[in-house]
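Please walk through this model with me, one element at a time. Keep the structure open as you read.

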Amino acid sequence: MTIQTIAIENLKISPLNVRKSKRNNIKSLSEDIAAHGLLQNLVGYQEGKKYCIAAGGRRLEALRLLKKAERLPKNFKVPVEVKDKDIAIEVSLAENSAREDMHPADAIDAYRALIEDDKTPEAIATRFGVSIAHVKRILKLAGLHEDIKAAFARDEIGISAAQAYTLTEDQALQVELFEQYGNCDWQVRSALTNEKIKTNNGLFQIVSLDDYRAAGGTITCDLFDTEGQGYADNPEILLDLIETRMAEIEEELKAEGWQTVERMSSRPDNFYMLNHMEPEGRKDPSKKQLTLIETLEAEQRCIVEDDPEAEHWNNDDLRDIDRKLRSIDAGLLYFTAEQKEHGKMLLFIDNSGKLVQQPIDLRKKNSATAKSDAPKPDYSAKLVTDLQRIKTLAVREAVAGDGALALDIMLFTLARQIMCSGYASDFPVNIAASDRDMTVEESLMTQSDITAVEILAAPVFAKLNPETLLEDICVMDAQDKSSLLALLVAHQIQDSNLGWGDSTAQLDRIGQAASVDMKKAWQPSVGFFERLTKPVMLKILDEQCGEGAAENCKNMKKTKLAAEMSERLAGRDWLPEPVCFKSCDD
């Protein structure tokens with residue numbers, strides 16, 4: 001291996017040179033060589049009468065450019081370190097790997113060439129000072145179809161898309177997906193994995209990966225996943241194993257004394273309304289547990305004596321001791337035989353894939369505690385929601401016609417979120433644009449003059465082109481911008497948070513600022529009264545029309561009474577409380 005000086009005509013860039021992507025800045029490199037000379041020799045190997053350059057392709061192109069411009073001496077020869085062919089390729093890879101501008105595509109074929117030359121991934125990693133995982137990822141990319149690798153080298157697809165295609169070794173499928181999705185990595189990944197289950201799914205806490213593999217299940221490894229995860233190719237095998245495991249757990253629970261065990265495919269919709277059972281039995285701690293409890297409590301006292309102001313919530317040691325004590329106490333609790341006799345164990349998998357065992361008490365609650373002395377409300381929760389929604393619709397309509405108020409509301413919402421650091425439920429205005437329409441049952445709106453914001457906005461939006469939206473807005477005059485702002489802010493006034501936090505009070509403030517007159521905007525219809533109970537309707541009649549009116553109507557059927565209510569209360573300026581704006585001082 002010696003350095004030889006060789007005429008440019010006898011040099012060519014090796015087809016094995018690792019740099020296949022476009023070589024940039026050749027002209028500037030040629031100017032530097034012209035000014036300072038060739039400061040670094042090329043590296044190549046002899047092939048017939050020619051010498052193939054494996055390292056220094058950019059320098060060779062720069063020298064050719066100078067020769068073409070007749071800026072090199074006629075007898076100029078290029079210094080080339082001539083090496084064995086496989087060594088020259090390794091030098092090329094090592095030299096280019098150190099360059100920040102090396103395209104990942106350049107390393108793919110070079111690594112594969114070394115593998116084909118009987119080099120192991122471990123040997124390549126050691127030779128170039130990279131991780132074995134890095135080498136395996138590059139080799140995974142080398143398994144892509146040639147068309148996809150070429151597109152990657154030309155930057156027609158990015159590294160994320162190239163990585164996504166490696167989730168299948170079927171090159172025909174790679175090409176099919178490439179023609180369909182191109183550079184859209186998430187669509188490629190979805191198409192290849194939508195029927196698979198990721199290996200970090202909670203289901204693998206019920207059945208281990210080893211058990212899954214032992215049953216014949218295979219894994220597609222995702223070498224580019226940051227957590228080193230992959231995909232289970234055979235979800236049916238996994239689900240069968242889980243079903244078998246749940247059946248085993250059911251038998252184990254019955255053997256423990258549970259009279260009823262119910263296996264379910266998912267968490268029941270009424271799960272949080274069920275009478276969950278807490279263990280009533282408590283066994284005495286063992287000597288070992290007593291010793292540990294005494295030790296932990298002694299440590300607890302020492303910490304508090306040293307720092308009388310120490311609190312569990314801000315002291316890591318106290319929190320750790322408290323956690324250990326609670327863990328010991330939880331281990332002493334158990335469900336009694338009576339509980340198991342009168343209870344039911346629910347067995348299901350939650351949304352995270354975790355297996356849940358939740359005991360339910362089937363005994364009825366004590367009637368003395370179950371009954372409430374609180375009077376039954378006049379309006380059902382569903383009707384209250386609809387009435388609040390009607391109020392919101394009226395506020396929307398008013399704000400939609402007042403650009404100045406809309407700006408005030410937007411500034412108020414932003415400032416309050418920053419200054420008060422409240423919850424989302426404290427604000428009736430959603431400043432992250434939502435296109436959710438607000439609907440109310442038609443029977444409640446027969447006596448309403450409210451126009452939906454969607455209808456008010458339609459002619460304005462029809463004049464705007466989504467493709468040139470910014471340009472259209474920029475050329476609007478101040479009045480048109482104010483109108484558009486009003487419509488957009490009005491559309492973001494929502495009913496979803498009403499009843500939570502401070503949002504109901506804030507909506508009332510906005511309604512009062514917009515001078516909304518609910519008595520003009522909406523009147524209770526027959527459909528509204530039909531949603532009330534007969535005693536509530538009679539109570540309203542009693543309050544609004546006198547005792548005689550209620551007495552005269554008490555024998556009416558409910559549907560006829562609802563029509564009578566609508567007629568008698570018309571013009572009396574009466575509104576149900578949920579639809580009225582409360583004073584800010586209330």
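Helix H13 buries Ile293, Leu296, Gln300 and Ile303. Buried means under 20% relative accessible area, exposed over 50%, and partly exposed in between (1.4 Å probe, protein chains only). These four cover an arc of only 90° around the axis, which puts them on the same side of H13. The arc is that of the directions from the helix axis to the C-beta atoms. An α-helix has 3.6 residues a turn, so residues three or four places apart point the same way. On the other side of H13, Lys287, Glu294, Glu305 and Asp306 are exposed.

This is a predicted model: local features need pLDDT of at least 70, side-chain atom pairs count only at pLDDT 80 or more, and totals for chains, interfaces and linings use all residues. Residues are numbered from 1 along each chain as its sequence is written, and side-chain values use heavy atoms, with hydrogens and water left out.

H13 spans residues 287-306, 20 residues in total. From first C-alpha to last it reaches 29 Å, close to the 28 Å expected at 1.5 Å a residue. The expected span is 1.5 Å times one less than the number of residues. Helices (H or I, at least four residues) and strands (E, at least two) are DSSP runs, numbered from the N terminus.

What covers the buried residues of H13? Helix H14 (316-332) is included in that cover. Contact here means heavy atoms within 4.5 Å.

H14 has a buried set of its own: Leu318, Ile321, Leu325, Ile328 and Leu332. They too lie on the same side of their helix, because they cover an arc of only 90° around the axis. Asp316 and Arg326 are exposed on the other side of H14. The cover over the buried residues of H14 includes strand S10 (281-282), H13 and strand S11 (333-334). H14 has 17 residues and reaches 25 Å, close to the 24 Å expected.

Now turn to a sheet. Three strands form an open, antiparallel sheet in the order S6-S8-S7. Its edge strands are S6 (197-198) and S7 (219-221), each pairing on one side only. Two strands pair if DSSP finds at least two bridges between them. Three bridges join S7 to S8 (residues 230-232). Thr220 has Tyr231 in S8 as its bridge partner.

Glu70 has a positive phi, near 55°, in a residue other than glycine. Glu70 sits in the loop between helix H2 (57-68) and strand S5 (77-82). Its relative accessibility is 72%, so Glu70 counts as exposed. Ser515 also has a phi near 55°. Ser515 lies in the loop between helix H22 (503-513) and helix H23 (518-521). At 63% relative accessibility, Ser515 counts as exposed.
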